[in-house]
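This note is meant for a colleague who is meeting the structure for the first time. Please read the numbered points with the sequence and the model in view.

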Amino acid sequence: MAKTKELSKDTRNKIVDLHQVGKTESAIGKQLGLKKSTVGAIIRKWKTYKTTDNLPRSGAPRKISPRGVKMITRTVSKNPRTTRGDLVNDLQRAGTKVTKPTISNTLRRQGLKSCSARRVPLLKPVHVQARLKFAREHLDDPDEDWENVIWSDETKIELFGKNSTRRVWRTKNAELHPKNTIPTVKHGGGNIMLWGCFSAKGPGRLIRVKERMNGAMYREILSENLLPSARALKMKRGWVFQHDNDPKHTARATKEWLRKKHFKVLEWPSQSPDLKPIENLWRELKVRVAQRQPQNITALEEICMEEWAKIPATVCENLVKTYRKRLTSVIANKGYITKY
């Protein structure tokens, strides 16, 4: 039987009004073009519940009992990698037969959703403690101190690959139209390695590293680019240099070179990309480069340089301005990786 259309609230109220002025169910039905049985049902509902609104409906009973819901919720809370199949088997042993979609729906009502696990750096206890120590020691540093830091890092940008992921609007069965595809080649089609730096005042120098970088090459890069970047960015006296704990950065010769040059270096906790705002800047650069779709390595390098120079100083300023939030997040997450 086809489902009948529900009466509007105005129509239901009109039925009650006509009933109250003494009209019969037949007369009301005739006047409004409704069946007598429909009019009678609305009037009986009004007499019983003093309303014509839709009342809560019970619906079908839940397949999983409250006790079963608590059991599977507790299981996934202890071990988030538990599969739906495991939960189906657990409930079946307890005497409840359900399907995997029922498991998903039940857990979703508990605020739990199946998501891909994020890939994050491996943190050992020593890393967690170092991150907490860094965050607590610098939590109350004034914003001016972070504005006087030059952040640096290296990154790899691929010609074709995951950096070029794009979403497209298309019709069904048009997924292979050239406009809706991204060309790829084996092994990514090549990539370039970049070293760059920035401060709250804007991007510093960006250079391509054409050979495999070692400690000597890293020191040469710093020698040719760090001080010119600091001058171009008009850093205040006593500015601080940040780099991570890559072996090239922490080599004895590099530390000695930095000491002789009288550069202040920010002590850094290992395995902490979320504490480096330059990681966000790299992401900004990669998005901009992907939108221009370079077709060869030469074009990729040129576009990287052009887009890096175009990054507004306000983007850099905002990344540094919110640095305290990063530290707060590390402390709130007990030293583990944060959303940054």
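1. Which residues gather in a patch of negative charge on the surface? They are Asp-143, Glu-144, Asp-145 and Glu-147. Such a patch is made of residues with over 30% relative accessible area and no salt bridge, like charges being joined within 9 Å. Asp and Glu count as negative, Lys and Arg as positive, while His and the chain ends are not counted. Glu-147 belongs to helix 8, which covers residues 143-147; helices are DSSP runs of H or I with at least four residues, strands are runs of E with at least two, and both are numbered from the N terminus. With a relative accessible area of 38%, Glu-147 is partly exposed (buried means under 20%, exposed over 50%, and partly exposed in between, with a 1.4 Å probe and protein chains only).

2. On the basis of the work: this is a predicted model, in which local features need pLDDT of at least 70 and side-chain atom pairs count only at pLDDT 80 or more, whereas totals for chains, interfaces and linings use all residues. Residues are numbered from 1 along each chain as its sequence is written, and side-chain values use heavy atoms, with hydrogens and water left out.

3. The chain is divided into domain 1 (9-49), domain 2 (66-110) and domain 3 (125-163 + 189-333); these bounds come from an automatic or database domain assignment. Between the C-alpha centres of domain 1 and domain 3 the distance is 74 Å.

4. How many salt bridges does the structure hold? There are 17, each defined as a side-chain nitrogen of Lys or Arg within 4 Å of a carboxyl oxygen of Asp or Glu. One of them pairs Arg-131 with Asp-274, whose closest N and O atoms are 2.8 Å apart. Arg-131 lies in helix 7 (residues 125-138) and Asp-274 in the loop between strand 5 (264-265) and helix 12 (277-292), so this pair ties together parts that are 143 residues apart in sequence. Both Arg-131 and Asp-274 are buried.

5. Another salt bridge joins Lys-276 to Asp-244, with 3.0 Å between the closest N and O atoms. It links distant parts of the chain, 32 residues apart: Lys-276 is in the loop between strand 5 and helix 12, and Asp-244 in the loop between strand 4 (240-242) and helix 10 (247-250). Lys-276 and Asp-244 are both buried.

6. In helix 14 (residues 313-321), Lys-321 and Glu-317 are four residues apart and therefore separated by about one helical turn. Their side chains meet in a salt bridge of 4.0 Å, N to O. Lys-321 is partly exposed at a relative accessible area of 48%, and Glu-317 is partly exposed at 37%. Elsewhere, salt bridges that share partners join Glu-284, Arg-288, Arg-292, Glu-306, Glu-307 and Lys-310 into one network.

7. Two backbone angles deserve a look. Most residues other than glycine have a negative phi. Lys-50, however, has a positive phi, near 60 degrees; this residue lies in the loop between helix 3 (36-49) and helix 4 (66-78) and is exposed, at 62% relative accessibility. Gln-271 also has a positive phi near 60 degrees. Gln-271 is placed in the loop between strand 5 and helix 12 and is partly exposed, with a relative accessible area of 33%.

Notes
Patch = residues over 30% accessible without salt bridge, like charges linked within 9 Å, V, L, I, M, F, W, Y side chains within 5 Å. Areas by Shrake-Rupley, 256 points an atom, 1.4 Å probe, with all protein chains shown as cover. Charge placed at Lys NZ, Arg CZ, Asp CG, Glu CD.
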